[in-house]
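Trainee: I have a new protein open on my screen and I'd like to talk it through with you. Could we go over it bit by bit?

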Amino acid sequence: MTSPDVIVIGGGIAGLRAAVDLSARGARVRVLEAKAVIGGRASSFVDPQTGDRVDNGQHVLVGCYHETFRFLATIGTADRVRLQPNLDVAFVDRHGARSRLRCPSLPAPMNLLAGLLEWEALGWSDRVAAMRMAKIPPASPFETVEQWLVHNGQTARMREMLWEPLALAALNQSVREAAAPPFARVLSDMFSGEPRDAALGLPLVLSTNCSPSRPGISWRHAAVMSASARRRRSCSDPVRCRGRSKWTCAVSACRPVP
Ligand SMILES: Cc1cc2nc3c(=O)[nH]c(=O)nc-3n(C[C@H](O)[C@H](O)[C@H](O)COP(=O)(O)OP(=O)(O)OC[C@H]3O[C@@H](n4cnc5c(N)ncnc54)[C@H](O)[C@@H]3O)c2cc1C
């Protein structure tokens with residue numbers, strides 16, 4: 001590639017989304033990625049003992065991930081995620097009791113409130129506590145998700161049954177460690193827009209995201225180069241460019257993936 005108009009540092013889903021968008025607008029884009037494969041945390045790897053491909057994530061998507069869905073549509077993999085029409089989740093609590101949270105197709109946050117009223121796993125004190133989250137309260141960067149939930153009056157049952165599983169799915173981090181503001185943002189996006197923004201999306205196949213190391217992805221939007229030209233090597237898992245590219249696709253790893 002001749003000199004690029006834009007350099008994107010990091011070939012995770014955010015960097016690749018930016019690169020695809022910019023290239024669609026006519027910019028010459030170069031993505032600098034430190035690892036030999038792109039995708040960042042949304043990637044997979046082959047287990048050396050079993051030979052199975054292990055998916056790192058994302059395992060759960062939420063309807064409010066509008067940019068992620070637009071990105072998947074652009075790279076032709078949106079049909080590999082099944083998105084519910086409304087939030088509908090089956091739960092099994094620690095005693096084995098089964099229940100189901102179904103949020104109807106009402107404007108937010110009425111959909112959440114109606115779902116919580118019908119959810120048999122909750123008592124009235126849990127429901128009353130949950131009403132306080134109808135308008136998502138502000139979160140300080142100095143508190144964890146757990147502290148934020150306690151501080152906003154969420155009962156142990158509400159935390160165990162809904163908020164903690166949601167936080168773990170969205171942040172992939174324990175509520176005792178994860179910072180509160182990103183989770184407050186996810187909840188606000190889920191319960192302040194269209195009813196479908198709260199729905200869950202599950203990948204139908206392993207290769208749902210953007211990593212070209214996954215089978216079946218045709219990656220043709222941006223040139224991807226390593227961060228270090230000085231220690232360039234051939235990539236063990238090169239980007240597959242299937243002839244429809246307007247860019248010359250290449251990956252070179254500045255250091256092998258450990
Ligand atoms: C095990 C696991 C499961 C997950 N499950 C879910 C889930 O179910 N649902 C969900 O919503 N989210 C999930 N996540 C979170 C989700 O995967 C991340 O939020 C998302 O992939 C982050 O994308 P990103 O592009 O912002 O960052 P990253 O994926 O971290 O990408 C950053 C990239 O930049 C590169 N980089 C950094 N510094 C440099 C540099 N100086 N030069 C060049 N390159 C650099 C890194 O190598 C990396 O490839 C999960 C995460 C993990 C780890």
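Trainee: How much of the protein is buried?

Mentor: Buried residues make up 33% of its 258 residues, where a residue counts as buried if 20 or more other C-beta atoms, placed from the backbone, lie within 10 Å of its own, as exposed if 12 or fewer do, and as partly exposed in between. Keep in mind that this is a predicted model, in which local features need pLDDT of at least 70 and side-chain atom pairs count only at pLDDT 80 or more, while totals for chains, interfaces and linings use all residues. Residues are numbered from 1 along each chain as its sequence is written.

Trainee: What about the nonpolar core, how many residues has the largest one?

Mentor: The largest nonpolar core has 47 residues, and V145, A167 and A198 have the most contacts inside it; such a core is a set of buried Ala, Val, Leu, Ile, Met, Phe, Trp, Tyr and Cys residues joined through C-beta atoms within 7 Å. Its largest share, seven residues, comes from α6, and the core draws at least three residues from each of domain 1 (6-58 + 209-253) and domain 2 (85-198), with domain bounds that come from an automatic or database domain assignment.

Trainee: Which residues does V145 touch?

Mentor: Leaving aside neighbours within four places in sequence, V145 is in contact with A167, V175, A178, A180 and F183, where contact means that the two C-beta atoms, placed from the backbone, lie within 7 Å.

Trainee: Switching to helix α4, which of its residues are buried?

Mentor: In α4, which spans residues 124-131, the buried residues are D126, A129 and A130. They lie on the same side of α4 because they cover an arc of only 100° around the axis, the arc being that of the directions from the helix axis to the C-beta atoms.

Trainee: What do they pack against, and what is on the face turned away?

Mentor: The buried residues of α4 pack against α3 (110-118) and α6 (156-171), whereas the face turned away from the buried side carries the exposed residues W124 and S125.

Trainee: Which residues come nearest to the ligand?

Mentor: Of the 24 residues around the ligand, G10, G12, A14, G40 and G57 come nearest, and a residue is counted as near if its C-beta atom, placed from the backbone, lies within 6 Å of the molecule. The elements that give two or more residues to this shell are α1 (13-24), β2 (29-33) and α6, and the largest share, three residues, comes from α1.

Methods
Helices (H or I, at least four residues) and strands (E, at least two) are DSSP runs, numbered from the N terminus.
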